[in-house]
Each structure stands twice: as C-alpha cells, then as structure tokens.
Amino acid sequence: MLFHSPLLKKARNLIPVPGFPNALPRTPSVCKFSSSADIPTPPPPTSAYVHLPFCRKRCHYCDFPIIALGSSSSSSSPSSSHHRDDDPRIANYIHLLLREIEATRPACDSQPPLETVFFGGGTPSLVPPTLVASVLDALRSKFGTCTDPEISIEMDPGSFDRGRMEELLELGVNRVSLGVQAFQEELLRACGRAHGLKEVYEAIEIVTGCDGLENWSMDLISSLPHQTPEMWEESLSQAVDARPTHVSVYDLQLEQGTNFGRLYTPGEFPLPTEAQSANFYQMASETLAKEGYSHYEISSYCKNGYECKHNLTYWQSRSFYGFGLGSASYINGVRFSRPRRLKEYVDWVQKLQDGMVDRDATRVGSKDMAMDVVMLSLRTARGLDMSSFGRSFGNCLALSLCRTFRPFVESGHVVAMDGDRKSLSYHDFEQQLNDDYEIGNKVAFIRLSDPDGFLLSNELISIAFGVISP
C-alpha cells in the first residue's frame, strides 16, 4: 500500500511502549469507508529524488539498494591516491540514470519547475561532482527548476574534503545531510560504518566552515547494540554543539537479510529494551526542544524555517519523481518503484526507453490513499487536516476517526485542535462528536502529542487503519 521511499524506510521510528499496546481500546468504526470517495488527482510533481547507491561498504543495519565500491575506490581521505573518481561503475550508473531521466515523460504538458532535488543513497558524496552536475543538468533540461530550488545531498564523514564540498556548492547544492550516526568510536565500529570519530569531526569542520552553506542536517541513530543512555546523551550534546539547522533521529530497525537482523532480536541484549528505546526518544525530544529545535515530524527536528522542503513532499502526500536503483515515484495518482538489483534496473530503463513500462498498473485506490494520508499526516506536528480529509474521503469517515481517537484525546496521546491550532479540551472535543458538521470546523486538526503520542504512533495509526479498512 505505502510507496517505498528511502526516507520513510529510514524514518520508521515507531517505538511501542511496553505493556500499553495490548490495553489499547478498539473502538468500532461508526461507518464504513466509502469506495465512491472523490479523490482529486494530486498536482504535478515539483520534487525529484535521485538515488546514488555507492558506498565504501555496507553498514550492518542497512538493507538499501547499494553498490559497495570497496577499499580500492575509497579511503578515509577523498584526496588520497586510493580515491578513484574514474571508477567505471559510477560512470556507467550515471549514464544509465541520465537515460532514465531523458526517457521519463513529464507529468503534464504544463510541467511546473522542480522546487526540490534530493540526492540520496548510498553515499552520494562518493560520486564525482562533475557527474552530479550532469544529473542536475539533465533534470533542469527535462523539467526545469525554480529560481531558488532546495538541492540536498547526503554525505558521509570521510567521503569528501573541502574541495569536493566547495565544488558541490558551486553546482547549486545548498543543503547537506551528514550521516554521523554516533559520536562513539566503538558504536561506529559496531555498526560497520566506514568512518571513525576523527572523520566525523573533520566533516563537521568542513561543513560548518564553507561559506554560503547555512542549511545542513545531522543524522543520529538510537537504540544501537550496547548503546547506553550516557552514550546517547553525549551524542545529542555533540550534535547540539555542532549547531546544525536540522537533526534527524532514527530508531534502529532490524531488517531481514542484514548483519544486525541475523545477529540480534528486538528488545533483547545487547539491544535496548522497548522501555530504554522509548527513553532514548524522550531524551532526544527534550534535549533538542531546549536548544530551540522544532519537532516537526516523528524523526525530524529543525531550527525555525529549516524544515526539509523535499521531505515535506512525502509527509504531505504530494507527487514526486524518483530516479535510480530501487527508487519510487508518485505521479498522477500512480505509485511505482524501480528494481532494487542493478541488472533488473538496467532492463527496466531499456523498457522505459522502449515505451514498455506500464505505470498505470499500480494506481493507488481511494482506500489506500486514505491510509497513506492518515499515516503520513500523523507522523507530523501539523497532524491530520480533518476538513481536507472529510472533503476527500467523506465526513462520516472523519467523524469515525475522531470517535475512535476519543480515549486517546482523554489520555493526552492525541491532541485535537481548532482552526487556529489551539488545543481543545477533552470536554470541548467530546461535545463536537455529536455533530458531524463540526468535524473539520471546530475540530480542524488531529495530531499525536510529543513525545508520548509519537511513541505510540505505530499502534495509533494501526487503529486508524482499522477504521478505514475494518
């Protein structure tokens, strides 16, 4: 049902609270989902995700589609003689990517220009800037870009130097996502990261020392094996000291087929218990809030005005282009993904060029769309817009969701708000449930509380799904 996005896969920060899920009341839905709901086709995309899959090695928790270059193509210093900018695997992949972009039809004749471009991976900073430039040129030629687009790139410590950083900025890159993950040498080694703590501090110095780069994010991972509260507190403190404008905090997820997935069981030593994971999440929320970061999405914190515009495309269920190995697109109400294996992706691009890719086969139905909207909206501080949801999927369903969340409004895990985004008391909320006309008027938004509601997002979203598809 949900499209596969590297962002959403990384952001599955849904931590159950021990003992609580089994006690969640299951309120029966008031009405069934209306299959005749009139869902407007989303506007054409103004965002593009580009997957650059190259890494020096695969981290122990990673199941993204990547191509490991090995030590012959990388070093702790990008300026080292061992660092190969002429690796044919990179050049061949970029050529394939350019073929895909060229063969992609714009969503409509009056295609609006791109407002965001996000280079994710993998470790995109391993790709020579000249090849990144060729991708940007292809996107500009095919779709156009607005006057001041947000152009983001993920970078790992040890994969770039100041010269490479400045080259990327000259190309138009104006936002960097730095994959630090931890500030302890032993945790970085345990994760199988290709960088150490020395490279972390060097990377931070480069990013913060580049003129013209104000917008940068730092990634951290909590609930790692052998991670203690003291380690997590230190990582948060070091992150704050670096003064990024954005911080992403991901809770470790054990994926099948990864080293961690084979070695560990969730909640069992050396992994933290569920209660300890919840404590890590609360620590992050409290620490970053005190330092002036807004918790605008379950895993995302930012200084005022520095929300990731590209990621908001996902959270707001807007259309977007995806390009590259394993990436996903959402265009004209249709979601489709590319193959995760390189050989199959090569064949897919050839079929796209030959006009043989059937993208209408995965059109999103109204029920699945309603579930996506609920899940993505409830991950954000803005929450679910009840007026918009009622117009798209029916006031009856909007009322059912409100009534289902009634006990959680009373417990404080769900917050109901009016049109001015002022919180409603439980008494005021209860009064509005008797008149479905008020849903979307008096009860304008439903959001999860921070951090307690966010901690229960998995369970609360599951309950909402039960209303939409009983």
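Helices α13 (residues 386–393) and α14 (residues 395–404) have axes that come within 6 Å and cross at roughly 135°. In this predicted model, the two helices are therefore oblique to each other, given that angles over 145 would count as roughly antiparallel and 65 to 115 as roughly perpendicular. On the α13 side, Met386, Phe389, Gly390 and Phe393 make the contact, and they meet Asn395, Leu397, Ala398, Leu401 and Cys402 of α14. Sorted by type, the residues of this contact come out as 7 nonpolar, 2 polar and no charged.

Now for α13 itself. Its buried residues are Met386, Phe389, Gly390, Ser392 and Phe393. These pack against α14, but also against α12 (366–378), β14 (384–385) and β16 (445–448). At the start of the helix, Asp385 puts a side-chain oxygen within 3.1 Å of the backbone nitrogen of Ser387. Just past the other end, Gly394 has a positive phi of about 105°.

Over to strand β1 (residues 47–51). With 5 of its 5 residues buried, β1 is largely enclosed by the rest of the structure. That goes for both faces: Ser47, Tyr49 and His51 are buried on one side, Ala48 and Val50 on the other. Here is how β1 pairs up:

How values were computed: Residues numbered from 1 in each chain as written. Predicted model: local features only at pLDDT ≥ 70, side-chain atom pairs only at ≥ 80, totals over all residues. Heavy atoms only, no water. Axes fitted to C-alpha atoms, helices over the stretch in contact; angles between N-to-C directions. Helix = DSSP H or I, 4+ residues; strand = E, 2+ residues; numbered from the N terminus. Parallel < 35°, antiparallel > 145°, perpendicular 65-115°, else oblique. Contact = heavy atoms within 4.5 Å. Nonpolar A, V, L, I, M, F, W, Y, C, P; charged D, E, K, R; others polar. Buried < 20%, exposed > 50% of the residue type's maximum accessible area, 1.4 Å probe, protein only. Polar contact = N/O pair within 3.5 Å; in protein donor to acceptor, adjacent residues only side chain to side chain.
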